[in-house]
Amino acid sequence: MNAIPSDLRGKLDEVMKRVGRAAAKSGRKPSDITVVAVTKTVPADRIREAIALGITDVGENRVQELCEKYDIIGGGCRWHLIGHLQTNKVKYVIDKVSMIHSADSLELLSEIQKRAAKGDRIVETLLQVNVSGEESKFGISPADVPDFLRKAAAFKNIKVKGLMTIAPLVDDPEEVRGIFRGLHKIFIDIKKENIDNIDMAYLSMGMSGDFEVAIEEGANIIRIGSAIFGGR
Ligand SMILES: *Cc1c(COP(=O)(O)O)cnc(C)c1O
């Protein structure tokens, strides 16, 4: 179908090599790190191609785009919602997504709970934390994480599986190492608390410009768009 030779394989190989090196630096295996291919603005054909090349996890930041592509591609990969989720849109994605990375309010969790219970499902979510404190970013503040999680634990059809953050855009990823380290510390502290129904398994941090630093600081899910699919 696609007559133009694709550079996707080369780009993916390169990303996986870099993931492997960063994982080794932090004493882990490449297979410990899940690469979510971020497909916003990427047409369904290219996503299919990426899946054929081994991508298992796909991330979209907008509900409508996720639903449109899900209708074309289907459930042969794991779909992640990585962008802000409005309460009134939960119903559209609840039966499509494997994980919601952007849980950031109890109102949202309670709507997810309601819809998940209706469908008799358990929905995996990450709590989005605004580590940098930038006003433009969604997410709860680091100090509020423990209390929020204790409340989140009450939702029986939601499994909180970890934390997510988006670091500020910078030229040199070293500038955001402290942000990743900070979230990793919260992750470890929460783990030690052993809150009932909270399973601190995943730390979703790192994008095309900073994923190696994120992995070195403990990320085990990275969200990669442009390094795989090119500029948007
Ligand atoms: C777009 C996006 C990414 C991927 O960004 P790249 O810089 O293209 O890798 C990761 N996470 C979120 C939440 C995004 O919206």
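Biologist: Which backbone atom lies 2.8 Å from an oxygen atom of the ligand?

Modeller: A backbone N or O atom of Gly225. That is a polar contact (a pair of N or O atoms within 3.5 Å). This is a predicted model, where local features need pLDDT of at least 70, side-chain atom pairs count only at pLDDT 80 or more, and totals for chains, interfaces and linings use all residues. Residues are numbered from 1 along each chain as its sequence is written, and side-chain values use heavy atoms, with hydrogens and water left out.

Biologist: Which polar side-chain atoms lie by a ligand oxygen atom?

Modeller: One of Lys40, at 2.6 Å. One of Arg232 too, at 2.8 Å. The protein covers 91% of the ligand's own 390 Å² of accessible area (Shrake-Rupley method, 1.4 Å probe).

Biologist: Where does the ligand sit?

Modeller: In the largest pocket. A molecule sits there if more than half of its atoms lie within 2 Å of the pocket's grid points. A pocket is an open set of points on a 1 Å grid over the protein atoms alone, where a 1.4 Å probe fits, with protein on both sides within 12 Å along at least five of seven lines; lining residues have an atom within 4 Å of a point.

Biologist: What volume does the largest pocket have?

Modeller: About 550 Å³, counted as the space filled by probe spheres set on the points. It has 24 lining residues, with Lys40, Ile166, Met207, Arg223 and Arg232 the closest to its centre.

Biologist: And the second largest pocket, what volume?

Modeller: About 170 Å³. Its lining includes Asn61, His84 and Tyr92.

Conventions:
A polar contact is a pair of N or O atoms within 3.5 Å; within protein, one must be able to donate a hydrogen and the other to accept it, and residues adjacent in sequence count only if both atoms are side-chain atoms.
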